[in-house]
Amino acid sequence: MGRVDHHHSKTLLKPFNQTLQTLLSLLNLHSSSPRYLLHLHAVIVKSHLSHHPFLLTRLAHAYLSSNSLSPPTRILLSFPKRPPLFLWNETIKAHARNGRFRDSIGLYDVMLARGATPNEFTFTFVLPACAAARAVLDGRRIHEHAVRFGFLSNVFVATAVVDMYGKCGEVRLARKVFDGMSQRGIASYNAMISGYVSSGKCEEAISLFDQMQKLGLQYDATTMVSALQASASLGALQKGRWVHEQVMSSQMEINVHLGAALVNMYARCGCIEESRRIFNEMPRRDLISWTAIICGYGMHGLAEDAELLFNQMVQCGVMPDSITFVGVLSGFSHKGMVNKGREYFKKMTEEYYIKPTLEHYSCMVDMLGRAGRLEEAEAFIRTMLVDPDAGVWGGLLNACKIYGNVELGERVVEEILRLDPRNAGWYVLMSNIYATAGLWNGVAKMRLLMKERKVSKYPGWSSIEIDGHRHVFLVFDRSHPKSEEIYRFLKDLEERMRAAGYVAETKCVLVNLDEEAKEDMLCGHSERLAIAFGILSTKEGEVLRVIKNLRVCIDCHTATKFISKIVGREIIVRDANRFHHFRDGVCSCGDFW
DNA sequence: ATAGGGTTAG
């Protein structure tokens, strides 16, 4: 079947060379596939063969015998005369809104091929289909049509174009169209902001959001949802709080979207109690609100509470879905609750009939591996019904690092690099396994491999928000204006830490240096710079919240415990994986992560 | 036209 399709789509690339006969046999073969029929139709028209009576009769027959063609399409196609534009538009819209994005785009093409001229509505219906299908090439083409037909001056059309590019990850193109608009509505801003957020450009999202305020534009609930997402992702609690205040003072109704965004923002910014308070006070809760708070508890290492909430949710008659289980399982994984994890994995498949995805397998492998059950983790991978991806194997590789298993690591990394050779993380992880074992040849081998394959790693950073401004630190960063002061403070602090019993864990310096040089390197780790800057820039006793893009290393974890005690501060660190709450010399993760 | 929840790795 796949082979037949492939063969025909290949022949379709050269429609002008096709004989009538070929088109006819294609029509016979593919009378049951509506999408294919629509495309074939477009090809016939574009090849200037639509005047051919025999071919058209065949096409009509194919359409009529095609049961899987949607009823609206059949009505449209059975229209005696040229269908009115309104009918084209409605049919394109109906498909776009019911998940049949490709059909929607296909209908648009047939419409053009039949000589109909689209209007502004046509574009506002077909562009979201391109956006949802992430069909950037179609979207680009249709954008050009909109320009050519003179509809880009329409706010709705231009906004749909901005949104389409944003959803397809083409934020630069989106911004270009956005900047070219002569007038913009709130939705235009919302589309642009959410485009930034979905591409991970959260600073840009916030900056446009701020610009709206400067221009005196009103926010609506949609704007707020995106702003909250951006704040959550950046860990910008002060910004998130400000957005929350605006929501409250503008008497905006807290609908399920806003509620979930708020719950998520507070949780991801380290305020799990606040998150819970919002959740409790929400007027309406649905699956997504529940999932948000459950994931929040999981991230904070509160798996027992997550489980409690899971059961409450079920009691309320809300059915968990695949993502709810990702949250629950990852929560158990953070606490090493292997038996619970197994129990819920079983529950998911046997009670809820949810097919485990690669994400669930990743959680399970990670959980088993971190609990030291490497053989079990490997055996678990063998039981998978789908082929494991690099992420699943990655959990095992990480376990090899924690437990210093070089041989298994070598076997696993080979598997991983076959699947995902472009990702620097794996090379670094394997190189770390070698380094921890003192096998510097292995380290060199991985470095060389990276060089040969031209993969480069991206740097670790930590950030902290002070007076509404986000300060980002890289490793050994000296670019901050207060750099001198920060390093001096860290040196002083180290003395006091040593006096309190701190011993540098030089194992996590992964280059071959003498011990003293290694200790110096540890002080330059980005989270230390952020924490030091935080202590210097805030009032005595204030809580510090640090965001990190990678996982904390063991030495920084130990150091932060000492720092929290010495300076009498609660330090909350969100790393790539979870939250660590440091207080009075102990961490909420119980040193398991 | 625009909006909510997720795993793994450096």
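Biologist: By what are two packed helices described?

Modeller: Two packed helices are described by the angle between their axes and the distance between those axes. In this predicted model, take helix α26, residues 424–436, and helix α27, residues 440–452: their axes come within 7 Å and cross at roughly 165°. Angles over 145 degrees count as roughly antiparallel, and α26 and α27 are therefore roughly antiparallel to each other.

Biologist: Is the crossing of α26 and α27 left-handed or right-handed?

Modeller: The crossing of these two helices, α26 and α27, is left-handed.

Biologist: Which residues of α26 and α27 meet?

Modeller: From α26 the contact takes in Ala-424, Tyr-427, Val-428, Met-430, Ser-431, Tyr-434 and Ala-435. Their partners in α27 are Trp-440, Gly-442, Val-443, Lys-445, Met-446, Leu-449 and Met-450. By class, the contact of α26 with α27 comprises 11 nonpolar, 2 polar and 1 charged residues.

Biologist: At roughly what angle do the axes of α24 and α25 cross?

Modeller: For helix α24 (residues 390–402) and helix α25 (residues 406–419), the crossing angle is roughly 155°, and the axes come within 9 Å. That angle makes α24 roughly antiparallel to α25. The crossing of α24 and α25 is left-handed. In α24, Ala-390, Trp-393, Gly-394, Leu-396, Leu-397 and Cys-400 take part in the contact, and they meet Leu-408, Gly-409, Val-412, Val-413, Glu-415, Ile-416 and Leu-419 in α25. The contact of α24 with α25 is made up of 10 nonpolar, 2 polar and 1 charged residues.

Biologist: How do α21 and α22 lie, and what classes of residue form their contact?

Modeller: The axes of helix α21 (residues 338–350) and helix α22 (residues 358–370) cross at roughly 160° and come within 10 Å. The pair α21 and α22 is therefore roughly antiparallel, with a left-handed crossing. Val-338, Gly-341, Arg-342, Phe-345 and Met-348 belong to the α21 side of the contact, whereas His-360, Tyr-361, Met-364, Met-367 and Leu-368 belong to the α22 side. These residues of the contact of α21 with α22 fall into 7 nonpolar, 2 polar and 1 charged.

Terms used. Residues numbered from 1 in each chain as written. Chains lettered and ligands numbered in written order. Predicted model: local features only at pLDDT ≥ 70, side-chain atom pairs only at ≥ 80, totals over all residues. Heavy atoms only, no water. Axes fitted to C-alpha atoms, helices over the stretch in contact; angles between N-to-C directions. Helix = DSSP H or I, 4+ residues; strand = E, 2+ residues; numbered from the N terminus. Parallel < 35°, antiparallel > 145°, perpendicular 65-115°, else oblique. Left-handed = near helix turned anticlockwise from the far one by under 90°. Contact = heavy atoms within 4.5 Å. Nonpolar A, V, L, I, M, F, W, Y, C, P; charged D, E, K, R; others polar.
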